Amino acid sequence: MVINHASQGPLNAKYVARIQDTLCKALNEYPRTLVLRIDLRLPDNNLTHEYSLDSTLITRFIVSLKAQIDADLLRKKNNGKRTFPCRVRYVWAREFGESGKKHYHLALFLNKDAYAYLGNYIPIDKGYPHNLGVMIMEAWVRALNLHDEDDYQKYYPLVHFPKPSYAHLNKTSTHFNNDYAEVINRVCYLAKEYSKDSSDKKRNFGCSQY
């Protein structure tokens with residue numbers, strides 16, 4: 001494993017271009033777009049080695065999140081609530097800490113008319129509420145195949161929402177150019193070469209293709 005931990009270093013130009021392209025596609029379909037930044041961490045358990053070799057975690061995470069969003073919108077529609085379509089676009093980066101343990105950084109791009117905020121993802125007396133933030137945490141637990149455990153919600157904190165965790169972009173806003181620049185500067189954190197491993201021939205970066 002050869003990982004650059006010496007400095008933040010330069011950005012990967014190809015990754016930056018793909019981030020810009022993915023966000024552009026989101027804005028073309030949804031002029032009001034919600035941008036979310038999330039970090040996905042791995043648990044310390046007897047599956048740690050399996051997770052380190054598993055290159056399908058992000059795919060399973062996105063599949064689960066899409067399914068939950070589709071079900072949530074259908075449930076709202078059946079309850080007579082107004083709903084909006086919400087395609088899930090994303091970019092992700094695989095990185096490694098000083099210990100060599102991998103983690104993932106992601107940005108999600110969603111229709112703001114469908115989901116404007118994460119909601120309260122902190123447990124309350126009756127458990128976790130149902131909202132976008134909790135669906136994201138649930139999707140990661142399912143990607144890790146931990147959802148069959150009785151107390152599987154204890155793994156929800158493996159999902160971290162770095163502050164500020166979201167931004168709103170509106171193509172009709174007079175502040176759009178400044179807002180867009182701020183979002184791109186933040187999301188391009190995923191394009192840094194720092195803490196990535198290119199020696200194992202596995203992907204360090206990916207994004208939605210639609």
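Contact is taken here to mean heavy atoms within 4.5 Å. The structure is a predicted model, in which local features need pLDDT of at least 70 and side-chain atom pairs count only at pLDDT 80 or more, whereas totals for chains, interfaces and linings use all residues. Residues are numbered from 1 along each chain as its sequence is written, and side-chain values use heavy atoms, with hydrogens and water left out.

Leaving aside neighbours within four places in sequence, Asn204 is in contact with Tyr15, Trp92, Ala93, Arg94, Lys196, Asp197 and Ser198. Asn204 lies in the loop between α5 (176-187) and β6 (205-207), where helices (H or I, at least four residues) and strands (E, at least two) are DSSP runs numbered from the N terminus. With a relative accessibility of 6%, Asn204 counts as buried; buried means under 20% relative accessible area, exposed over 50%, and partly exposed in between, with a 1.4 Å probe and protein chains only. The side chain of Asn204 reaches the backbone oxygen of Asp197 at 2.8 Å, a polar contact being a pair of N or O atoms within 3.5 Å, of which, within protein, one must be able to donate a hydrogen and the other to accept it, and for which residues adjacent in sequence count only if both atoms are side-chain atoms. The loop between α5 and β6 also holds Ser195, a residue other than glycine whose phi is positive, near 65°, and which counts as buried at 3% relative accessibility.

Helix α3 (residues 57-78) has 22 residues and reaches 32 Å from its first C-alpha to its last, close to the 32 Å expected at 1.5 Å a residue; the expected span of a helix is 1.5 Å times one less than its number of residues. Buried in α3 are Leu57, Ile58, Phe61, Ile62, Ser64, Leu65, Gln68, Ile69, Asp72 and Leu73. They cover an arc of only 165° around the axis, which puts them on the same side of α3, the arc being that of the directions from the helix axis to the C-beta atoms. On the other side of α3, Thr59, Val63, Lys77 and Asn78 are exposed. The buried residues of α3 pack against β1 (32-40), α2 (48-53), β2 (89-96), β3 (102-111) and α4 (132-143). Following α3 is Gly80, whose phi is positive, near 85°.

Arg60, likewise in helix α3, is partly exposed, with a relative accessible area of 25%. Residues up to four places away in sequence not being counted, Arg60 touches Asp54, Ala143 and Asn145.

Aromatic side chains were examined by a ring-pair rule, under which rings of Phe, Tyr and Trp (its six-membered ring) pair if their centres lie within 6.5 Å, and planes under 30 degrees apart count as stacked, over 60 as edge-to-face and the rest as tilted. By this rule the count comes to nine aromatic pairs. Trp92 and Tyr104 form an edge-to-face pair, 6.0 Å centre to centre and with 70° between the planes. Because Trp92 lies in strand β2 and Tyr104 in strand β3, the pair ties together parts that are twelve residues apart in sequence. Trp92 is buried, with a relative accessible area of 9%, and Tyr104 counts as buried at 4% relative accessibility. The rings of Tyr104 and Trp140 have their centres 6.2 Å apart and their planes at 75°, so this pair too is edge-to-face. With Tyr104 in strand β3 and Trp140 in helix α4, the pair ties together parts that are 36 residues apart in sequence. Trp140, like Tyr104, is buried, and ring pairs link Phe61, Trp92, Tyr104 and Trp140 into a cluster.

In strand β1, Thr33 is buried, with a relative accessible area of 0%. A polar atom of the Thr33 side chain lies 2.6 Å from the backbone oxygen of Tyr30. Among the residues in contact with Thr33, neighbours within four places in sequence being left aside, are Ala26, Leu27, Phe109, His168 and Leu169. Elsewhere, the peptide bond from Lys163 to Pro164 is cis, with omega near -10°, and Pro164 lies in the loop between β4 (159-160) and β5 (166-170).
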